Amino acid sequence: MRISKGLRQRRHAMQRAYERYGIVLDGETESRIVDAIQGCRSRVIERRSHRVAVHELVFDGQVIRVVWDRKRQELVTFLP
């Protein structure tokens, strides 16, 4: 069975969130981060393409950097 790109992205983001920030990316946590991005409570620090950008935001007292895929409306990865 083939795994979709969206599922692979989500799995990757979960691994990197924990590895780099100690964040367990469950449904509620992911929703809070996505709400911050979509609610303009993050700062775009780099555009990687027309649809992908690096956002910086404060989450639970720590500054985190995440890659956001605007087309898929998904977190791609967490950067150190």
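**Ground rules.** I number residues from 1 along each chain as its sequence is written, and side-chain values use heavy atoms, with hydrogens and water left out. As the model is predicted, local features need pLDDT of at least 70 and side-chain atom pairs count only at pLDDT 80 or more, while totals for chains, interfaces and linings use all residues.

**Fold.** I looked up the elements and got two helices and four strands. I take both from DSSP runs numbered from the N terminus: helices are H or I with at least four residues, strands are E with at least two. From the N terminus on, I read the order as α-α-β-β-β-β. The radius of gyration is 12 Å, close to the 12 Å the globule rule gives for 80 residues, so the protein is as compact as a globular protein of that length. For that I used C-alpha atoms, and the rule is 2.2 Å times the number of residues to the power 0.38. The C-alpha box, along the principal axes, comes to roughly 40 × 30 × 20 Å.

**Surface and charge.** The protein exposes about 5200 Å², and carbon and sulfur atoms supply 49% of that; the method is Shrake-Rupley with a 1.4 Å probe. I have 17 positive and 10 negative side chains, with the centres of the two sets 9 Å apart. Lys and Arg count as positive, Asp and Glu as negative, and His and chain ends are not counted. I place each charge at NZ of Lys, CZ of Arg, CG of Asp or CD of Glu.

**Cores.** Buried residues make up 39% of the 80; buried means under 20% relative accessible area, exposed over 50%, partly exposed in between (1.4 Å probe, protein chains only). A nonpolar core is a set of buried Ala, Val, Leu, Ile, Met, Phe, Trp, Tyr and Cys residues joined through side-chain atoms within 4.5 Å. The largest one has 16 residues, and I33, I64, L75 and F78 have the most contacts inside it. Its largest share, four residues, comes from α2. Another core of five residues lies apart from it, with V52, V54, V76 and L79 among them.

I then checked I64: beyond four places in sequence, its contacts (heavy atoms within 4.5 Å) include Y21, I33, L57 and F78.

**E30.** Buried or exposed, I wondered about E30? E30 counts as buried because its relative accessibility is 14%. E30 sits in helix α2 and, leaving aside neighbours within four places, contacts R10, L25 and L75.
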